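Trainee: Please take one part of this model and go through it closely. I would like the disulfide link and what surrounds it in the fold.

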Amino acid sequence: MKIRLSTLALAAFTLCAPLASQAQTEIQWWHSMTAVNGEWVNDLARQFNESQKDYKIVPTFKGTYDESMTASIAAFRAGNAPHILQVFEVGTATMMASKGAIVPVGKIMKDAGEKFDPSDYISAVAGYYTAPNGQMLSFPFNSSTTIFYFNKDAFKAAGLPTDKAPATWPEVVAAAAKLKASGHKCPFTTAWQGWTQLESFSSWHNVEFATRSNGLAGLDARMKINSPLHVRHVENLANMAKQGLFVYKGRGNVPEASFVSGECAMINTSSGFYGNVAKNAKFAYGLAPLPYYPDVPGAPQNTVIGGASLWVMSGKQPAEYKGVARFFSFISTPEVQSASHKRTGYLPITTAAYQLTEKSGFYKENPGTDVAVTQMIRMVTDKSRGIRLGNYVQVRAIEDEELEQVWNGKKTAKEALDTIVKRGNEQLERFEKANKGR
């Protein structure tokens, strides 16, 4: 009888065990992070999952930012969208217009009873993802900005100072010439060329990228990047390319590999590249602010936000949204934010996280790691608050196509920029017509 009871008890336990595990609510998170940043995303999910027993974050890599956005639209239409979708900053206007597809993060946090005060977040970050009515629409996650990286070993070999980077574009040209003379085949390159050489360039020099406060003030914005200063800058880069001082290495973040390998000695790219450099570069390196033209009044101003935010998709259960809110609260804590900032180079999205990082001595021990923050927290103007334009994924592709024509010597800077404005405005007009009155 005892044996039979024990057997029954064991059977009952076996049956109950799966039920207990099923009580945990799964939260699907689609993202676009690879390599060291992909490891970071997986670690964040694991840390949250280990911190409590009610929810399980399941991170899934869904390809590049463009690919994951496309996949999420298809999934939403099919009724199986993820709970959380990582969207890069150029997709913000598109997501804002997708009213029925998303639930504002401000509402998610309030409904779940989680403490959430947008004023806790760095204003330049929070402001970009906030609607005109003051409600935060998406959750700032891997917020970045553009900075300058340089290879100190290559600088030393070329007889250049290693304690500071070139601060102006004329200094970049002079440094590139010395690097080439010392045998370096790729003195300078740039990643995310539309973001670094047009968008950030515009805000850094306090010139309009587009009308209507670069799109933040309305859907009827139109591009203005064929100004004399933009033409001058692209001509400057084209001349560098002809002399072998600037070597184009491809679209997106593809050129970053050429810096980590030591092939290219200077690069403009995301602050979020820092984690890769810190882990994989086999040489001494430095981080510095973006170069600027010293004769431009007011330059340097401030850089604009990059990276991505987390959007919450509609059609889920209240219990699931509670898990999303709990996760957002977890990754917002100063300790988690500071650790993420130190590891990746992405901005600490809250003031408390920045202060905690500063107090820890990290910036003193790792000179230049505060550049992204100091570039972003300067006083902003209507020309430098950020860029929020519709169909901007398509506009970025146009920028790539046209700039490549310049680097190949097939178009002048003026011709390419005029074409970007013309083709870009067609995309903006299309978006405006599709979303007017929403």
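**The disulfide and the core**

Mentor: The link between cysteine 186 and cysteine 264 is right-handed, with 90 degrees about the S-S bond. Keep in mind that this is a predicted model. The two sulfur atoms lie 2.0 Å apart. A search of the whole structure turns up one disulfide.

Look at where the two ends sit. Cysteine 186 belongs to strand 7, residues 186-190. Cysteine 264 belongs to strand 8, residues 264-270. The pair is 78 residues apart and connects distant parts of the chain. Cysteine 186 and cysteine 264 are both buried.

Now turn to the nonpolar core. The largest one has 127 residues. Those with the most contacts inside it include Phe188 and Met266. Ile84, Tyr149, Phe209, Phe328 and Ile331 are also on that list. Helix 14 gives this core its largest share, seven residues.

Helix 14 is mostly covered, with eleven of its 15 residues buried. Among the buried ones are Tyr321, Val324, Ala325 and Phe327.

Technical notes
Residues numbered from 1 in each chain as written. Predicted model: local features only at pLDDT ≥ 70, side-chain atom pairs only at ≥ 80, totals over all residues. Heavy atoms only, no water. Disulfide = S-S within 2.5 Å. Helix = DSSP H or I, 4+ residues; strand = E, 2+ residues; numbered from the N terminus. Buried < 20%, exposed > 50% of the residue type's maximum accessible area, 1.4 Å probe, protein only. Core = buried A, V, L, I, M, F, W, Y, C linked by side-chain atoms within 4.5 Å.
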